[in-house]
Structures are given as C-alpha cells and as structure tokens.
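Hi,

Here is the structure I promised to pass on. Have a look at it first, and my notes on what turned up follow below.

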Amino acid sequence: MSLIPQVLKSLKTLPPFPLVAQRALLLLNQPEVSIQELVDIVKFDPAITANILRISNSAYFGLRREIHSLHQALLLLGTQELLKIIIASGATRVFCRPTPGYFTERLGLWRHSVSCAIMADLLAKELSLAEQATTFTAGLLHDIGKVVLSLYVDQKFTQIIEAVESQNLSFQMAEKMVLGIDHAELGGEMARLWDFPDRLRIVISLHHLDRPEAFADDLVLLVYLADLLVLMFGQDLGVDGLAYQGYPEVLRHFQLRERDLERILLKFGSNWQEAQILFGLMGNQDGVQCAHRG
Amino acid sequence: MQIVVGVADMKVSNQPEDVLVTHALGSCIGVAIYDPVSRVGGILHYMLPDSSLDPVKGQENPFMFADTGIPRLFRECYRLGAQKSRLLVKVAGGSQVLGNQEHFQIGRRNYAALRKIFLKNNVLIDQEDVGGNKARTLFLEIATGNVWVKIMGQNTKPL
C-alpha cells in the first residue's frame, strides 16, 4: 500500500524554512554578493549573529585574530564563507527534531548533514570546482527529506530493512518500494515548497543518482560522492548504514582513483575534528554535549 | 568506566571497571584484542590500509593506518603484561557501499591489510563480523574480555 498521499499531506503542516537562511539561499545564485546584503539579512536575528561570531572564531576557519563584530567577521571571512555560516545557522532549526527512522540519537541527521557539507567543500577544493558556498549548502541540505520521511520509515522499518537485505536494494530504493516515495524525492518536494533555488532542489531530489538526468550536473555528482565518502568514514552512520549504490562512473567523471578517495578521507579526518564546533549550532546545551562527543 | 575510542584512535586498559567502545564503524576497522590471564585488552579503530599514502601522517598518528596502528595496539598491550600466545583477537567493520567489486573498496582493502599483517605475524582471528553494508559499534569489557557488536538499528550481540 502506498503511503504517498499521507506523506504528501504531512507536508501541509511543514513549518517554514527559517527566513534568514532562505534569504541567504537566494544569494547563492548571484555572482557577486555585497557585504551590505549579508548584513541586511542577519542583523535582525541576534541568535544567528551570535552563532556567526562563535563559528567565525572556531578553529575550522583558522583566523588568527579574534572577531568581535559582524562587520569584522564579514571582512575577514569573505562573503562565501559567511553565506555558509548563515545558512548552517538557519538550517539547524529544521534539523533539530529527532529522526528515529534513520538515527538512534537525536542529532544524528544534523551530524551527518554537517559532515557531508564539509566533505562536499573539501571535494570541491580537491577538484578545483568553484561555487564553494553552493557546494557546501547542497551537502548540508541533501537529506532534508529525511526530516519528514523519518516518521514513515520508522513505522515500516522492518519491511524496508528486509527489502534491503533480501533483495540487495539500496535503502532509498527500499523506501520507494515500501512507502511509494523516498527521502530524495520528498526532499525535492520540500525544496519546492520552500522556494529553494532550482539547482539546489535538483541536487536534493537526485542525490542518489537513480535517474539519468542526475548525471547532467557536476554538483549532483559531487554531493552524491561526498555523501558516500562520509558513509565510508563512519561516525555519523544511521540505521541505513552504507546501503547505497556505488557508481564507478562518478569516479571516472571526476578522474578519481581509489587511492585519491583514501587521500580525501585522510584529509577529511583532520577537518572533521575541527568542524565539530558546527554541531554546537543547535544552542548551548547541545553545543556542549556535542563538543565532547568522541 | 566507558572509554571511547575515536576514529584513528587506540585505547588499552587493564582496569577491570573499563569498557572500551568504538562507535559507528563504516569502512574503518575495529580490532579488539584481549589477554584473559593478565586481563589486558585494547581496541584500535583505523581508517585506512597503508601509511605509504602519507608517511608523515602515519608518524603523527599511527592509528590512522592498519600497518602502523596494529603493531602499536599489540605492543601497548604487551607493555601492560599481555602475552601474544594468549591473546584473543576479534575484528569488526570494513563495510562497503553496494555495487561492483572494484570501486569504493576501502572497507575491503582495510580488511585485506589486516589479514596480511596477521598472516605475517602468525596472529589468528578468533571472531569477526566484517563486510556487508551495516554500521557497527564495537565493545570490549576489560573485566571479562567479552566483546559485543551492535549493528545500528539492531540488537547488540556477542562476538
């Protein structure tokens, strides 16, 4: 029995995407973003401003001077880095719900999303692709469909995992088979409702490369690869484990060999530690908890 | 006390109240060794098969790689009184994404590297739970030498 009508109905009560992050998303399409535009977006949101200062001062961004003001942060970090921080600060509100269909711990999906954003960022640098903030954001939001689908995956988990195990299906294909819709497709619907830029919506809905058009955009392939590498790294794994399809043509497309993947994982291992601070975006208490996680 | 072994990390102990745990192994491998007489044990969680990838990193953090990490795990346990002939060796992790056998094979290479090192040094694996596409968490209880694997989304089982 398909649950599609039920799942789509639940989108009617979807809370709005945080306004500040949404306005920042629209700037991703612009070739040039002025500092004033960014200041205008964040200045009325004290929580995000505080986050920006805290993250700007984290080791991940490696600034030597301590930053005290928004303006100073903007000048020192540059607009691309700032866009990442603003979007991450806003998006955290969407990811703060538990997703028991996928993760046993409350922050599991957020941790995976942050890891994937960092991995996408790293891959973009390795492959000398431009559009850093877009890449980071696409990595961060690729699994947004899990926020809503979790409830239904949780209800039908036994059937889904049985399909994965007995038919050797990917977890996403098994979702589609059992529920009638998978987290990528649903994420695409959410992106539509939230007026995300088209390209971001496309990455979200195609990030498991289950349709031929996925191979038309490097950004889709890059986020797919980042996701896979993060799964291999471990640490942020959910109940779906590594049950996703590996497509060698993506490696050929980016001219990456197995040895390159190892090298990238090695680099990610060092970045990942420093990036833990981003988990603390969720507010003080969680921040402390996450900072001490192994 | 629960002691967490991070990624590219190792912990050894001879304190009976300790439980060593390493979380969410993907392609990485967790090796648990234990000497039931001296009650010394340790867990290594390494990420990659071979330090020739980056010898400097291998020196900075030997626990990153199988070839530099595994000897250190054994040596640290010997230092606390473990003896090679008595060691129980259990291995978990090395998962893979779905697809063909030639790509995205870090899990498989991680396991192959371990087998090679063990073969060369006459070490036998007593139990293992390796491969597939699951996320695993590995526990070692120092008081008893009991080892468990928890597969994410399933029950914990003894290994």
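Tyr34(B) sits in strand β4 (residues 29-35) of chain B; helices (H or I, at least four residues) and strands (E, at least two) are DSSP runs, numbered from the N terminus. Before going on: this is a predicted model, where local features need pLDDT of at least 70 and side-chain atom pairs count only at pLDDT 80 or more, while totals for chains, interfaces and linings use all residues. Residues are numbered from 1 along each chain as its sequence is written, and chains are lettered from A and ligands numbered from 1 in the order in which they are written.

Back to Tyr34(B): with 26 other C-beta atoms within 10 Å, it is buried (20 or more other C-beta atoms within 10 Å of its own; exposed is 12 or fewer, partly exposed in between, with C-beta atoms placed from the backbone). Leaving aside residues up to four places away in sequence, Tyr34(B) touches Gly41(B), Leu87(B), Leu88(B), Leu140(B) and Gly145(B); a contact means C-beta atoms, placed from the backbone, within 7 Å. Lys90(B) is 56 residues from Tyr34(B) in sequence, yet their C-alpha atoms are 8.8 Å apart.

As for chain B overall, it has three helices and ten strands, and 49% of its 159 residues count as buried. Of its contacts with a separation of 6 or more, 64% are between residues 24 or more positions apart.

Where do chains A and B meet? The contact takes 31 residues from chain A and 32 residues from chain B. On the chain B side, strand β3 (residues 19-25) gives the largest share, three residues. That side divides into 16 nonpolar, twelve polar and four charged residues (nonpolar is Ala, Val, Leu, Ile, Met, Phe, Trp, Tyr, Cys and Pro; charged is Asp, Glu, Lys and Arg; the others, Gly among them, are polar).

Over in chain A, helix α11 (residues 171-179) is largely enclosed by the rest of the structure, because eight of its nine residues are buried. Among them are Phe171(A), Met173(A) and Leu179(A). The buried residues of α11(A) pack against α1 (4-10), α9 (145-155), α10 (157-167) and α12 (183-193) of chain A. Just after α11(A), Gly180(A) has a positive phi of about 90 degrees.

Cheers

Notes
Contact = placed C-beta atoms within 7 Å.
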